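Subject: Structure handover

Hello,

Here is the structure I said I would pass on. Please open it beside this email and follow along.

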Amino acid sequence: MPKDVVSAPSATVDTSTLDSLPADGERASSSIAAIADGLEGALRVRAPAQHAGTPVVRKLAFQVARRLGLDATERLAVEVCAQVRDAGMISLPDSVILKTGNLSPGDWALLNRHPELGAELLESFPAMRQAAELVRAHHERWDGEGYPDGLEGELIPLPSRIVSVCDAFVAMATDRPHRRGIGAGGALEYILGEREAQFDPLTVDCLVEVIRGKSRSRTTPRAGQLGALQPAGGQPSVGPNSPFARRAPAGALQLRRAIAEFDTVPTFEPAIERALAATGFGSPLAGDLVGAIESDIGAAVAILRAAQRRSDAPVVGVPNAVALLTDEEIRDAISSLPTVTFPWRTKFEALLLRCQTHAQAVARATDRIALLLRPLGRDELVAAALLHDVGKLLLALVSPDFADTTTLRDTPEEALRHERREFGFDHATLGGLLAERWGLSDGVVRGVSGHHSVHATPEASLIRLADMVVHHAQGDAVDRELMLRLATRCELSANALRAIVVDLPHAGGSARRRAERSPLSRRETAILQLLAEGRRVTAIAQEFHLSESTVRTHLHNIYAKLEVPDRTQAVLRATDMGWI
């Protein structure tokens, strides 16, 4: 679909949407219906699982169109788009459409081509050419991050916007061959959380009215707010014959249980030891104590929560939290936290280390950008940056294989789309929910929940920019054009952005530390990287075709060069210095 195709305003749609009904309108309409019925029948036979939700999507889309006040021709456009939206799946191989297990990245790449394939198929019928444009656009996003053309806002045809929100609701609520559904409650709350991001806000309001049978609310929900992943009254107000009138599947229940039980973030012993050693020596703002707490996600959360319980005003950062608490209160808050010890035994512990290392770098980049743009709000921004990926830990609790679902080849936006497809929610939304549940400040909640949203607050956009800067500095895949647009939106000049990227070549360490050259050889660095991933000596020896005694010799040399006594300290020091 060409980028310059512009839809009608949100309340109306061009009456030529279905390739305009010539002199004999009824005959043309009948032809369109016959073609649509034939394509739907072909999809039902070819891919029954993909077709299963079509009748419900079609019904919901028609009801939303009617509530928007669209006329008969416009409602027909919506209904036909809903009916044939997935016709492109007819062209996909059996290995994708008949697969019952988790889809691979290659499978998703093929599956995501179905809007284009469907449009090509429809264009072969003269009466369906305008319907082809609608089908091509039904996976575009309101914020411009959809596919295949990246259309934004009202550049997306209104029928496509209506079908998009109804399709997403049905897809998330019901089971699919490769995953369990999250039920109507979870699906509707996700739709509300993506209002003005993934979905047209007007169509969201109408869908809510259709599902709940109530007057449409004009209030935009707080970014990231999901309640308990379902409306306060339980399941939406749907009729007894609704396909959604059932219990939520086990996956959704696991997610709700994980949110309820995830009360503390595990900490790393060295950070706690440094923090405990720093208490009782002069002013708590002297730096060592604040630095030790900010070096660990779990410690930072614990101190922020303890301080917030002491204060009626929002506690906007770790320095303010430390200033509010006595040494004894700080020791009580962090000494009882669950700790992770080396070597990392589980995928969750390895993910926690990666999140922590990345969070440190993003916090430093955030502080650097905030110093230029928002110097008075730096503490709260740094706190949000430290916690920006905490939702990933929640996803890892629900799915132990979560750490394996993304690769360094994925941009942050691609990884986020994978999370939404796989779990129905993304880590940013869930992280904001956790921060809110823990009673952290509104600024921290918005920063965490909105750091991947195009329509985020200026503060959340700054954190998103810092996150992209760190990924870029680390050599990870990023959308460079998006990073530049985001810098412009944050009013950060290209020269200033360049200076920050150049000054952050590693995930950790300050500018002073990065001036120090690593004392490790390439082989020693590679061994230490595997050690940080939780590999044992036997596995490392097999990786490099060495004997175990040779690997142990390398480890002893590493400890000596880094002036540390053991493996844990070696990994943490090398990570902090940006050497691994």
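This is a predicted model: local features need pLDDT of at least 70, side-chain atom pairs count only at pLDDT 80 or more; totals for chains, interfaces and linings use all residues.

Residues are numbered from 1 along each chain as its sequence is written, and side-chain values use heavy atoms, with hydrogens and water left out.

Helix packing. Helices (DSSP runs of H or I, at least four residues) are numbered from the N terminus. The axes of α15 (residues 297-310) and α17 (residues 327-335) come within 9 Å and cross at roughly 130°. Axes here are lines fitted to C-alpha atoms over the stretch in contact, with angles from 0 to 180 degrees between N-to-C directions. The two helices are therefore oblique to each other; angles under 35 degrees count as roughly parallel, over 145 as roughly antiparallel, 65 to 115 as roughly perpendicular, and the rest as oblique. On the α15 side, A299, A302, I303, A306 and R310 are in contact (heavy atoms within 4.5 Å) with E329, I330, A333 and I334 of α17.

Buried residues. Buried means under 20% relative accessible area, exposed over 50%, and partly exposed in between (1.4 Å probe, protein chains only). In helix α10 (residues 183-193), 10 of the 11 residues are buried, so the helix is largely enclosed by the rest of the structure. Among them are L188, E189 and Y190.

E413, in helix α21 (residues 412-423), is buried at 6% relative accessibility. Its side chain makes a polar contact of 3.4 Å with that of R464. Such a contact is a pair of N or O atoms within 3.5 Å; within protein, one must be able to donate a hydrogen and the other to accept it, and residues adjacent in sequence count only if both atoms are side-chain atoms.

M89 sits in the loop between α4 (72-84) and α5 (94-97) and is also buried, at 6%. M89 and Q50 are 39 residues apart in sequence, yet their C-alpha atoms are 8.1 Å apart in space.

Backbone geometry. Most residues other than glycine have a negative phi, and most peptide bonds are trans. Y147 and P148 are joined by a cis peptide bond, with omega about 10°. E196 has a positive phi, near 75°, and is partly exposed at 34%. H545 has a positive phi of about 60° and is exposed at 74%. H545 lies in the loop between α29 (537-544) and α30 (548-562).

Regards
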